[in-house]
Structure formats: C-alpha cells, structure tokens
Amino acid sequence: MPDYFIAHDTTFYRFPQTFTKKFIVSYLVCFKLSLSRCRKIFTVSNFSKNELIKVFKVKADSFCIISPSSQHLRDMEYKSISVSKWELKNDDYYLSVSSKAKHKNQKYIEECANRYPDRKFVIVGGNSSNFSAYKANQLKNLIYTGYVSDDELYSLYKHAKGFIFPSLYE
C-alpha cells in the first residue's frame, strides 16, 4: 500500500471537455487506485479536499492540506524587462496568466477585448497537448505572449493596469 498520494484537484473530472480522453482515463485510473489504497492524501486547499471527497468518496480524515508557497518568489530578484517587446506601454493593458485549457476561460478575456476595443489585453501562457484548447479569434487589442521568462512575467505583472483571473475552476 502506498503511504501517500498527492492530488491537486478534480479538474479533469469536473471539466472533462478541457482534457483529452486519454488524459482523463489515465487520471481516473490513477486516482481511483491510489486514493483507495493510500494512507494519507495531500492536497492544496479545503476546496480541493472537499471536491476529492465528493468525487471519489474518500474519508475526510485521510487528508493533509499543504498550501503552495510563494515565499521563494518574493525573495527572488528580477530584471525589469521593457514591455515594449509586445508593443505595450506601462499601465496601459490588462493581464491574464493561464493556459488555453477551456476551464481557464480565456473566452472571457476575448469578450472583454471585443467590448473594449480601445484597451489592450495580454494573455501569458502556453498550451499542453493534454488540454482541449480554447480557439481564440484574432483581435488587434488581444496579445498572446505564449511562455515567457520569469523576468518577463515579473515585468508584465509590474506594469499591468490590472489583472484578470477568469478561471471557472481553481
């Protein structure tokens, strides 16, 4: 019997349209086998714990919640990179950071860009072959950067007018 299992969430179960069938099947098998046999389950929040209990009928006392830490990010030093690389000006755009997975709801950012053509919107993040990606329209005021370096991400956060987090499930 394995001593422990680490389960972040049940996104693959709650939003199956986000993932490939192969990914869902492999995760379901892994979760069902592991959760039923392990002594302790580590997860990131009470929300995730409750989701795992509902979906997989796991005992509540099996859990240990360990929240992710960001302390190391605050202690790092970043080089400031000019956002002009993406034809942006400081404090002149709204930023979102996510993958193109459907549950991340990038469609909302596109709707904002359509509604406010005089404002710029930036989405940072890549795409994985495990996800069924949202197919975005090309808009002049919507910029997809793809993956960026830590220094670039720092600068994009630092100089954004605001941050948008439209995810449907986190």
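## Asparagine 141

Asparagine 141 sits in the loop that joins β5 (120–124) to β6 (142–146). Strands here are DSSP E runs of at least two residues, helices are H or I runs of at least four, and both are numbered from the N terminus. The model is predicted: local features need pLDDT of at least 70, side-chain atom pairs count only at pLDDT 80 or more, and totals for chains, interfaces and linings use all residues. Residues are numbered from 1 along each chain as its sequence is written, and side-chain values use heavy atoms, with hydrogens and water left out.

Asparagine 141 has 8% relative accessibility, so it counts as buried. Buried means under 20% relative accessible area, exposed over 50%, and partly exposed in between (1.4 Å probe, protein chains only). The side chain of asparagine 141 reaches the backbone oxygen of tyrosine 116 at 3.1 Å. Not counting residues up to four places away in sequence, asparagine 141 touches Ala113, Tyr116, Pro117, Arg119, Lys120 and Phe121. Contact is heavy atoms within 4.5 Å.

## Nonpolar cores

The largest nonpolar core has 15 residues; Phe31, Leu35, Ile41, Leu52 and Phe56 touch the most other members. Such a core is a set of buried Ala, Val, Leu, Ile, Met, Phe, Trp, Tyr and Cys residues joined through side-chain atoms within 4.5 Å. Helices α2 (21–37) and α3 (46–56) each supply at least two residues of this core. The largest share, four residues, comes from α2. Apart from this core lies another, of ten residues, including Val83, Trp86, Val122 and Leu156.

What does phenylalanine 31 contact, leaving aside neighbours within four places in sequence? The partners of phenylalanine 31 are Phe5, Ala7, Asp9, Phe12, Ser36, Leu52 and Phe56.

## Lysine 49

Helix α3 also holds lysine 49. Lysine 49 is buried yet has no salt bridge. A salt bridge needs a side-chain nitrogen of Lys or Arg within 4 Å of a carboxyl oxygen of Asp or Glu. The nearest side chain of opposite charge, aspartate 61, is 8.5 Å away. Lys and Arg count as positive, Asp and Glu as negative; His and the chain ends are not counted. Beyond neighbours within four places in sequence, lysine 49 is in contact with Thr43, Ala60, Phe63 and Ile65.

## Cysteines

The structure holds zero disulfides (a pair of cysteine sulfur atoms within 2.5 Å). For cysteine 38, the nearest cysteine sulfur is that of cysteine 30, 10 Å away. Cysteine 38 counts as buried because its relative accessibility is 11%. Cysteine 112 is buried too, at 6%.

Methods
A polar contact is a pair of N or O atoms within 3.5 Å; within protein, one must be able to donate a hydrogen and the other to accept it, and residues adjacent in sequence count only if both atoms are side-chain atoms.
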